Amino acid sequence: MDFENVLIQNGSYETFRYYYYDLWQSMGDPRVQAMPLMDGGPWATLSIIAFYVYFVKVLGPVFMEHRPPFDLRRPIFWYNIFMVVINALFFAYATYFTNFGINTWICNNVDPTANDAEWQFKLRVGWLFFFSKFIDLLDTVFFVLRKKYNQVSALHVIHHSLVPINVWMGLKYVPSESAAFMPFINSFIHCIMYLYYALSTLGPAVRPYLWWKKYLTTLQIIQIALVAFHCLYIAYIPACNLPKMVFLVAFPQSLLVLAMFCSFFTKSYTKSEHNGKEIKNKLN
């Protein structure tokens, strides 16, 4: 006897279906329900994230235990170039549709009846941005296959795990310019970030020109701080009928990642610079 028949017989099938599927579906925007991974609850997205965490923390290291690191410089270079291009396109679309980001700070209520050609295009771009967050996960896979386990940090994995879930919530429940601030600023930062990663694969000759990593991290910190402030700002706009719970759920997550980025910045740059000055003073 399968699981569904057991639930039907003991009278809990309808309750199970309600919390598993109907509740999520009833509150979601009908224009995105037919898109892949958007039907019902976030279970497919959560399953992908769960497998990602399992692979980079358990399965991948076990697979690589008795293998030499893979030389992936060429595929990583082209992967990064691809990510620069698609994020540049996302930023261009977001800039155009949100009036250079200005409209993301205004209450734009969700209108499920707005389904003309322009809105269909916006929603498709929104879904592609959501899907790109799964492509982002490949950089961690590359770390594992190259045995760069020190780069598979808690900050890296937590940040990569939370973003797809929050973008899923935004697309399903708040397909509005008001929820487009994160894609707007994130795609811009990712253009710079993936350009840095692409250049870093070109070897020692390019290394002297990559002095700006510290400032890239600074931009990431500013980005997350702005996203956190935007979530709080939109959630407390009076008389705004947006599903504000989405922003209130994202806010503490942004604070968590912000704190972790600040800790990383302090350990990577502030302390190392301080130690470097101490060594220099002792030598002098």
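This is a predicted model: local features need pLDDT of at least 70, side-chain atom pairs count only at pLDDT 80 or more; totals for chains, interfaces and linings use all residues.
**The second largest pocket**

The top contributor is α7, with 4 residues. Numbering starts from 1 along each chain, and side-chain values use heavy atoms, without hydrogens or water.

The volume here (space filled by probe spheres set on the grid points) is about 210 Å³. There are 13 lining residues, and W24, M169, Y173, M245 and V246 are the closest to the centre.

**The largest pocket**

Now for the largest pocket, which holds about 1,200 Å³ of space. Its lining takes in 37 residues, with F143, Q151, H156, Y197 and K213 closest to the centre. Two or more lining residues come from each of α4 (73–97), α6 (138–145), α7 (154–173), α8, α9 and α10 (244–283). (A pocket is an open set of 1 Å grid points where a 1.4 Å probe fits, over the protein atoms alone, with protein on both sides within 12 Å along at least five of seven lines; lining means an atom within 4 Å of a point.)

**How α8 meets α9**

Helix α8 spans residues 181–200 and α9 spans 213–235; their axes lie 10 Å apart at about 170°. That makes the pair roughly antiparallel (over 145 degrees, on a scale from 0 to 180 between N-to-C directions of lines fitted to C-alpha atoms over the stretch in contact).

Which residues of α8 and α9 meet? On the α8 side they include F181, I185, I189 and Y196; among those on α9 are K213, L216, Q223 and H230. Contact means heavy atoms within 4.5 Å.

**Confidence**

Mean pLDDT is 91 for the protein, and 91% of its residues reach 70 or more.

Methods
pLDDT is the predictor's confidence in each residue, from 0 to 100. Angles under 35 degrees count as roughly parallel, over 145 as roughly antiparallel, 65 to 115 as roughly perpendicular and the rest as oblique.
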